[in-house]
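Look through the sequence and the 3D view, then read on.

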Amino acid sequence: MNSSRQKQPILEVNNLHVEYPVNFRGGFRRQKKQAVNGVSFTIFPGECFTIVGESGCGKSSIIDAILGFVKIKTGTVLFEKQDLTKLTPKNFRKLRPKIQPVFQDYNQALNPHQRIEDIFRETLPKHLLESQTDQLLSSVGLSKEIIRCFPHQLSGGQKQRVVLARALSVNPALLLLDEPVTSLDMSVFVQIVELLISLRKTRNLTFLLVSHNLSIVHLLADRVAIMKNGQFLEQQPLTTLLRNPKHDYTKNFINQITQL
Ligand SMILES: Nc1ncnc2c1ncn2[C@@H]1O[C@H](COP(=O)(O)OP(=O)(O)OP(=O)(O)O)[C@@H](O)[C@H]1O
Ligand SMILES: [Mg+2]
């Protein structure tokens, strides 16, 4: 009997298609834009799987489809073996805290009228609110003094740390990181990437990272998918991709990394 235990995937996306209606003036035909056109990938626990590709290639549409923000035309999304596309709304809501997004735009993610402490009031049980908020803030490198602040009183880097702390407050297994550091300046960028690296280890997290910023890919990714026009051209472990890219398009990307 084979005693070696194979890890089960945490997320399996099969043949995903996402399309959007396109409005065009005076037209009679209903046009559709194919944003994601038959994408498949698997992520194993603890991994950082990264999707890179130029603006508009469909990266965020994959994340939005996993989160149920956009309708999936065809395909399946299995999280811990459960097909999210087939869950009832109630069961989907129950499972959703395990999958937490972190987007580029921290200003949009935080309610400007809510103090930081109120943000956690929504996700943490009352009796644990104070102790857990302190602990969460410290885990993302923020001091507890900021709990009385409104988001506009914080820097960009601090706001993205709050967004991360809020995501962590519901004990997720999978973080969907959509350009999480793109809006930050270089020194803060590096700090947040270091924070992500350490959180992944200490909290046993799995990452699906989406970016066109190649330095973050270089620092975080285990495996990389190169995306173009709604499709994956190739997916490889980062080291294999760097050594042996299959497509010219990938070669161009890699040249950009090595020039950084
Ligand atoms: N809500 C929408 N309605 C119509 N078209 C959309 C919608 N959202 C995205 N699209 C289109 O779908 C395609 C993929 O968009 P998506 O946002 O997934 O790309 P992206 O790779 O995340 O780009 P970026 O790097 O700029 O964030 C684009 O052509 C975009 O214009
Ligand atoms: Mg995007």
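Does Cys57 count as buried or exposed? Cys57 counts as buried, at 2% relative accessibility. Keep in mind that this model is predicted.

**The cysteines**
- The whole structure was searched for disulfides, and zero were found.
- Cys48 has its closest cysteine sulfur in Cys57, 16 Å from its own, and that is too far for a bond.
- A disulfide needs two cysteine sulfur atoms within 2.5 Å.
- Cys57 is therefore in no disulfide, as the nearest cysteine sulfur, in Cys48, is 16 Å away.
- Cys48 is buried too, with a relative accessible area of 0%.

**Who surrounds ligand 1**
- Cys57 is also one of the residues around ligand 1.
- Others in this shell include Tyr20, Lys33, Ala35, Glu54 and His212.
- Sorted by class, the shell holds three nonpolar, six polar and three charged residues.

**Polar contacts with ligand 1**
- Ser55 places a polar side-chain atom 2.5 Å from an oxygen atom of ligand 1.
- Gly56 uses its backbone: an N or O atom there lies 2.7 Å from a ligand 1 oxygen atom.
- Lys59 has a side-chain N or O atom 2.8 Å from an oxygen atom of ligand 1.

**Cover and elements**
- On its own, ligand 1 has 640 Å² of accessible area, and the protein covers 60% of that.
- Two or more shell residues come from each of β2 (31–43) and α1 (59–66).
- The largest share, three residues, is from α1.

Key:
Residues numbered from 1 in each chain as written. Chains lettered and ligands numbered in written order. Predicted model: local features only at pLDDT ≥ 70, side-chain atom pairs only at ≥ 80, totals over all residues. Heavy atoms only, no water. Near = heavy atom within 4 Å. Polar contact = N/O pair within 3.5 Å; in protein donor to acceptor, adjacent residues only side chain to side chain. Areas by Shrake-Rupley, 256 points an atom, 1.4 Å probe, with all protein chains shown as cover. Helix = DSSP H or I, 4+ residues; strand = E, 2+ residues; numbered from the N terminus. Nonpolar A, V, L, I, M, F, W, Y, C, P; charged D, E, K, R; others polar. Buried < 20%, exposed > 50% of the residue type's maximum accessible area, 1.4 Å probe, protein only.
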